[in-house]
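Please keep the sequence and the coordinates at hand while reading.

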Amino acid sequence: MVEQTIDVRRVAGSLGADVFGVDLSKDAGNQVHDEIHQAFLDHQVLFIRDQKLTPPQQAAFARRFGPLNEYPFVKGLEDAPEIIEIVKEPDEKINFGGIWHSDTTYLDDPPLGTVLYALEVPAVGGDTMYANMYDAYDALSDGMKRILAPLVGVSSAALRRSGGRAKGIGEDSSMTPQNLDIAATIMAEHPVVRTHPETGRKALYVNSAHTVSFKGMTREESKPLIEFLCDHAVRPEFTCRFQWAVGTLAVWDNRCVQHFAINDYHGERRRMHRATITGDRPH
Ligand code: SIN
């Protein structure tokens, strides 16, 4: 085990922090991982630069937060089946995750978090934005909080917007037409305001990629309030924007964060490895 001391520095007013002083390819020990975990709860998304990680090492780091699960519809790597590769080739126009979302809220037990590692990045562009759903909830009026308290959101995998239906995901051999039909039937119901199981804080839990309605209401009836909440959730003051470099690893908390992969680098290649940490049913 190697002695390491971490240094955590915030990157924006609402969420996000850089973590310095850790080499994740070495066994950093429980104390360092406890400090990283506390920083993860305090800042919602962490950026750890200059790492040299194999897929099994990335999976081992991700497992420090909990067991990993396989991403729906996408085949994992040979040497680390819990890691998927996200690639946008120079000739492709659609990216993976190019919409504000919290990951796979159409599952009954959506992921706790995500660990994303940059292997190839464009010269400029390809940043990822993050938004803090605690701050989004806290900024609502008491009247709106009362309206939202009993509401349940219905999420669907069927919207087929660019989040999660990128080329190489939706159109290659890992995603057959039958799988696409199955995707259309995958739905889950979650509270519109969820309580974070570790911090006890309330977070807004509605997103443009997957939330289609409120339980007991039609899509048309639900639409205006869903649209208001989705716009409100990503107000600039609740966000940070991260510029990737090769070797950067990010870990974010899907229970209180939305993210958006910016698609502004056509003609260049961007390649990432992604691990998904198993989560609990939101309450
Ligand atoms: C995602 O997980 O939605 C993709 C994020 C990214 O590639 O920046």
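Thr104 is buried, its relative accessible area being 3%; buried denotes under 20% relative accessible area, exposed over 50%, and partly exposed the range in between (1.4 Å probe, protein chains only). The residue is found in the loop between strand 5 and strand 6 (113-120), where helices (H or I, at least four residues) and strands (E, at least two) are DSSP runs numbered from the N terminus. The phi angle of Thr104 is near 40 degrees, a positive value in a residue other than glycine. A positive phi, near 55 degrees, also occurs at Asp50, again a residue other than glycine. Asp50 lies in the loop between strand 3 (45-48) and helix 2, and with 70% relative accessibility it counts as exposed.

The model is predicted: local features require pLDDT of at least 70 and side-chain atom pairs pLDDT 80 or more, while totals for chains, interfaces and linings use all residues. Residues are numbered from 1 along each chain as its sequence is written, and side-chain values use heavy atoms, with hydrogens and water left out.

Helix 2 spans residues 55-63, and its buried residues include Pro55, Gln58, Ala59, Phe61 and Ala62. These residues lie on the same side of helix 2 because they cover an arc of only 160 degrees around the axis, the arc being that of the directions from the helix axis to the C-beta atoms. Ala60 also has its place in helix 2, but it is partly exposed, with a relative accessible area of 39%. The C-alpha atoms of Ala60 and Asp27 are separated by 9.9 Å, although the two residues are 33 residues apart along the chain.

Glu82 is found in the loop between strand 4 (68-69) and strand 5 (83-88). Its side chain makes a polar contact of 2.7 Å with the side chain of Arg63; a polar contact is a pair of N or O atoms within 3.5 Å, and within protein one must be able to donate a hydrogen and the other to accept it, with residues adjacent in sequence counting only if both atoms are side-chain atoms. Leaving aside neighbours within four places in sequence, Glu82 is in contact (heavy atoms within 4.5 Å) with residues including Ala59, Leu68 and Arg274.

Arg274 is also one of the residues that surround the ligand, among them Phe96, His101, Trp252 and His259; such a residue has a heavy atom within 4 Å of the ligand. Polar side-chain atoms lie at 2.5 Å from a ligand oxygen atom for Thr128, at 2.8 Å for Arg270 and at 2.9 Å for Arg274. The protein covers 100% of the 260 Å² of accessible area that the ligand has on its own, by the Shrake-Rupley method with a 1.4 Å probe; for residues, only the protein chains shown count as cover.

In soluble globular proteins, nonpolar side chains tend to be buried together. Here the largest nonpolar core has 45 residues, of which Tyr130, Leu148, Val192, Leu204 and Trp244 touch the most other members. Such a core is a set of buried Ala, Val, Leu, Ile, Met, Phe, Trp, Tyr and Cys residues joined through side-chain atoms within 4.5 Å. A second, separate core of 29 residues includes Val19, Phe61, Leu77 and Ile277.

Overall, the protein contains six helices and 16 strands, and 54% of its 283 residues are buried. Of the contacts between residues at least 6 apart in sequence, 84% join residues at least 24 apart.
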